[in-house]
Amino acid sequence: MKDVIKFSGYNHRFLARFVIEAETPLAVGSGEKDILTDALVATDVNGLPYIPGTAIAGVVRHMIEEVKPEDFNVNQIFGFQDKKEGQGSEIIFTEAKILNSNGEVIDGMDLKAKDDSLLRYYAELPIRQHVRINEKGVTDKAGKFDEQVIFAGTRFCFEIEMVAKEAKDEVNFQKALEQIQSKTFRIGGGTRSGFGEIKVIKLYKRSLYLKQANDLELYLSKSSNLSEEWCGWEKHDILNDNKADGWITYELKLQPEDFFLFGSGFGDDEVDMTPVKEKKVVWKDAKGELSEELVLIPATSVKGALAHRVAFHYNRLKERFAGCTGDKEPKVGNENEAVQALFGYENQKEKKQVRGNLLFSDVIEDKSLEDKILNHVAIDRFTGGAIDGALFSEKTTYGKGQEFTLTILAKCDALKGDKIQDSLEAAMIDICKGMLPLGGGVNRGNGVFTGSLTKDGNVIYEQSR
């Protein structure tokens, strides 16, 4: 064993163990679909959701490449392949395995895993409906789809190991750990649309020097099974820095004027349209249980409304008005420069995709709100009767007196373009003024919110009430 270690030169091992919690639902796709949904989440041998190690490693590597820390050789640490040249990764990520109601990791085949009081609900995960609305107010081509998501509040555990030649290389390992604790760290799909936000619940670390007999023995006693205890872990403090370097944090504190409706896409036995609601896992005294259905404000609804209003304000500030031609012709949708810079875009002709520079988070709150049934009918002016197909009902949520907080992170580099930051802030202020309703049925009076907007903790607009 000593000869092998001496030959390899990698005598140091830096280890970390994370327990993380999904602040918002996760969409860690498997690439598969079924009869019920267009996108299924990845599941393990027990049929329970998990996060592949490649998903975690890819995000950490990308974040480090963006930060570009000094003396950090990304290709050396994470490995690379360039034609005939290549190098294996010096840092190893395990899969992130789910925790049961008692906070125990489920790793490996467990026939009784789904008998757990919490995990039994994971046999049927939520399905989130999506529809992309164009500038004409109708569904965009190929813009209607749905996907399966993992409950917010779900906890996972994973480990990271780094092999190194010198003790000083631990600084590189620490930089990787800092990315996972960053406010901008997101996992899975839809990270620009409200999904994938996580927080670190527990962090354990240990550094070992394998030329020392005690460290070598301790390292060899460690199991790769995440559910097995290891006596070598040392608990470490979690970074609680609320500021994200290179990002601006906007907060909208909004109060509904009365009714709002974020549609589920389905009806029930009472009405034709129902509000979307979702359950989440709540942890108390290290025990997890699934809540009742809670009020949900999907980030995609806020994002879509903002994108259209940003395009409007950008055209206004650039003095592009209807009827103008040439450079003064107004640009909408993905053709608008501000929308491209902030929300990303896709060019199918050039086969080019650019992701957005705004991070949204779903709002799932336990608030005592009542649903009200509103009936609608369009009257024929000639007959005085209901127009065929125009009699319907909807179930809306009455939220007057309640407050919801929407957090939006904006990348500083994306705001440097001319009039882009002004357009974004003007659009958010419109929401606070009640001039940009959110959700469905806005032409029927739903979705009017008013409130305040802060930028990195400083109030830049507050609606007087």
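In the predicted model, Glu278 has Leu294 of β16 as its bridge partner. Strands β13 and β16 (residues 294-297) pair in the antiparallel sense over 2 bridges. They belong to an open sheet of 3 strands in the order β13-β16-β20, with antiparallel pairing. The edges are formed by β13 (277-278) and β20 (363-365), each of which pairs on one side only.

A second open sheet holds 5 strands. Their order is β19-β23-β11-β24-β25, and the pairing is antiparallel. The edge strands are β19 (358-360) and β25 (458-462); each has a single partner strand, so one side of each lacks a neighbour in the sheet. Neighbouring strands of this sheet are turned by 25° against each other on average, direction ignored. Within the sheet, β11 (residues 247-256) and β23 (residues 404-411) run antiparallel and are joined by 8 bridges. Leu254 has Phe404 of β23 as its bridge partner.

Helix α6 lies across β19 and β23 of this sheet. The helix runs at about 145° to β19. Asn315 is found in α6, which spans residues 299-317. This residue is buried, with a relative accessible area of 7%. Beyond residues up to four places away in sequence, Asn315 touches Arg320, Pro330, Lys331 and Asn336.

Strand β1 is mostly covered, with 11 of its 11 residues buried. Both faces are covered. One side carries His12, Phe14, Ala16, Phe18, Ile20 and Ala22, and the other carries Arg13, Leu15, Arg17, Val19 and Glu21. Two antiparallel partners were identified for β1. Strand β9 (residues 198-209) is joined to β1 by 11 bridges, with Arg17 opposite Tyr204. Strand β8 (residues 155-164) pairs with β1 over 10 bridges, and here Arg13 stands opposite Val163.

Charged residues of β1 also take part in salt bridges. The structure holds 27 salt bridges. In one of them, Arg13 is linked to Glu161, with the closest N and O atoms 3.4 Å apart. Arg13 lies in β1 and Glu161 in β8, so the pair ties together parts that are 148 residues apart in sequence. Both partners fall under the 20% cut-off for burial: Arg13 is buried at a relative accessible area of 13%, and Glu161 is buried at 17%. Arg17, in turn, is linked with Glu159 and Lys222 in a network of salt bridges.

Lys395 pairs with Asp268, and their closest N and O atoms are 3.0 Å apart. Lys395 lies in β22 (residues 386-398), whereas Asp268 lies in the loop between β12 (259-260) and β13, so the pair ties together parts 127 residues apart in sequence. Lys395 counts as buried at 13% relative accessibility. Asp268 is partly exposed, with a relative accessible area of 34%. Lys416 forms a salt bridge with Asp413, the closest N and O atoms being 3.2 Å apart. Lys416 and Asp413 are both exposed.

The surface also carries a nonpolar patch. Ile35, Leu36 and Ile127 make up this patch of about 350 Å². Leu36 is found in the loop between β1 (12-22) and α2 (53-67). Leu36 is exposed, with a relative accessible area of 61%.

Key. Residues numbered from 1 in each chain as written. Predicted model: local features only at pLDDT ≥ 70, side-chain atom pairs only at ≥ 80, totals over all residues. Heavy atoms only, no water. Helix = DSSP H or I, 4+ residues; strand = E, 2+ residues; numbered from the N terminus. Buried < 20%, exposed > 50% of the residue type's maximum accessible area, 1.4 Å probe, protein only. Contact = heavy atoms within 4.5 Å. Patch = residues over 30% accessible without salt bridge, like charges linked within 9 Å, V, L, I, M, F, W, Y side chains within 5 Å. Areas by Shrake-Rupley, 256 points an atom, 1.4 Å probe, with all protein chains shown as cover. Salt bridge = Lys/Arg side-chain N within 4 Å of Asp/Glu carboxyl O. Pairing = 2+ DSSP bridges. Axes fitted to C-alpha atoms, helices over the stretch in contact; angles between N-to-C directions.
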